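Please look over the sequence and the structure shown here before reading on.

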Amino acid sequence: MKRIFLLLSLPLLFTACGDNGGDTPPPTPPGNAPSVLLSRENPIRFSAAATENYTVTVTTTLAWSVSSDKTWCKVAPSGDKFTVSADANTADSEPGRAIVSVKADGKTWATLFVTQEAAVTEYPATIEKFTDAIRRTWSFDGGPYESLTFMPGSYVLVPRAAVRSDAPGNAVAAGPYVVSGDLRTVTLQNREMTPVATLAFVDMGSGSATVDFTPAGGSASRMTLMSSPATDDRTPCRRLKHLRADVPGEGVLEYDFTWSGGRLVSASGSMGSVAKVDYALSYPADNRLVITATGSVEGERIALTATFTLDGQGRAVSMQLKETSGDYLGAVNLAYRGDGRLGFYEATDARGRFSALCQTEWSGGNLTAEHVKSLFPWDENGDGLPDHDFNGDGVIDKNDRILYYWNTISYAYSQKENIASLMLPFEVYEVYEFDGMGSGFGYVAYLAGVLGPGTKHLLSSSGREFRYEFDAENYPTKVSVVEPEDSSDNFDCTLEFAWPE
């Protein structure tokens, strides 16, 4: 059984609102819910071509109206929804940020921030314009790669899951990149500054590019890169307020969550007398989320700060982890799938060295498999020699220095819709444990809504079985964890949800 200490393996439930799963209007808010709820809270980011639009569901018993403060950003109400669209941007600069406001009963209940990319009217003529044009997540129209994400000064190149799991040598690549003087070629390097691949840009438009992609030691292939903003319409839902579980061999685990203005602002948890940790969240800018964790674990005081950088969709694309005193601990790069779900992370340590990565496979809105690469602990005592005969040849020598190991984790789901995007506290997906310390920042960030939507259905099995009880609105009130090999490890977790204030 997994240990469930707070910072050693923090178990949180995620209740950022999940997929609508159809066109059926959501229920009207009960008496203790806010008078107006929206199915979207994250910012909206349009491409320059503005071929996409966003539909937002409004749940309320009041007569409501919606407006935009910028003419380029359009809103059109219809029934219990409104659509946000944009005029095509033909300028080589972004228009001013628009604010979409929803009003009812003489009061502004909700706002959405809307931005739009600049048009690429001609091939970028300066390094600043070029890096601005490529700084996004690109998807490939075929071939062995799934996505390429450019960030300021660094990139992440993700191969398709089947390719990576079948041939671990074709690993995810990440590191710095170098732009040629004519702004036509980008050289991707690994963290040792060795070239991984080159991209020769044939042309570049708004949201697409044609490149000749040449892996190191390979031949060039012409590829089309596409960039499309993620869209989501989420059912307004209650958030997790409290959970409690009496875990055999571990003790009583409890968490409390505080929401204000629809946002998570704090969380606290305890595991008997073993651990107690408090989290505080702040949103200092549109593209920043800062989470601090303070408390004690097994008698040791902890004080950590995680700073997340958000993209135009309000999704975290990187995290830096420090001790609150200032010592740098490591970083994480994150990449998303075309449906907006978290698809990948790569973590590095305080010296910028690789420590772990995870790539996900999703099907039907559910996370079905994770492929994990991490450092192998061959020298835990730090003497420079392998601790065991890892390769089984009867001799402990340098051949037992196994640097990495791969693991694939599979999941199965019930037919019950996961209306609250519940993530089980005792079976946390690896892709949200990206900080390498078990500090729980990924979990809290997901709860805060910056790591994309969760699974469409409730998890039923991952080696253990999970059985649920529900209230009248189909929110789970109890989860029973059943260990098929040892019933003495079975336990229940009770859950309490509430409408955000």
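The report below covers the overall build, the cysteines and the salt bridges.

## Basis of the model

This is a predicted model, in which local features need pLDDT of at least 70 and side-chain atom pairs count only at pLDDT 80 or more, while totals for chains, interfaces and linings use all residues. Residues are numbered from 1 along each chain as its sequence is written, and side-chain values use heavy atoms, with hydrogens and water left out.

## Overall build

The chain holds 3 helices and 33 strands, taken as DSSP runs (H or I, at least four residues, for helices; E, at least two, for strands) and numbered from the N terminus. Of its 501 residues, 50% count as buried, where buried means under 20% relative accessible area, exposed over 50% and partly exposed in between (1.4 Å probe, protein chains only).

## Cysteines

A search of the whole structure finds 0 disulfides, a disulfide being a pair of cysteine sulfur atoms within 2.5 Å. Cysteine 358 is buried at 0% relative accessibility, and cysteine 493 is buried at 1%.

## Salt bridges

The count comes to 15 salt bridges, each a side-chain nitrogen of Lys or Arg within 4 Å of a carboxyl oxygen of Asp or Glu. In one of them, lysine 74 pairs with aspartate 87, with the closest N and O atoms 3.6 Å apart; lysine 74 lies in strand S5 and aspartate 87 in the loop between strands S6 and S7, so the pair ties together parts that are 13 residues apart in sequence.

Lysine 478 forms salt bridges with glutamate 469 (3.3 Å) and with aspartate 492 (3.9 Å, N to O). Because lysine 478 lies in strand S32 and aspartate 492 in strand S33, the latter pair ties together parts that are 14 residues apart in sequence.
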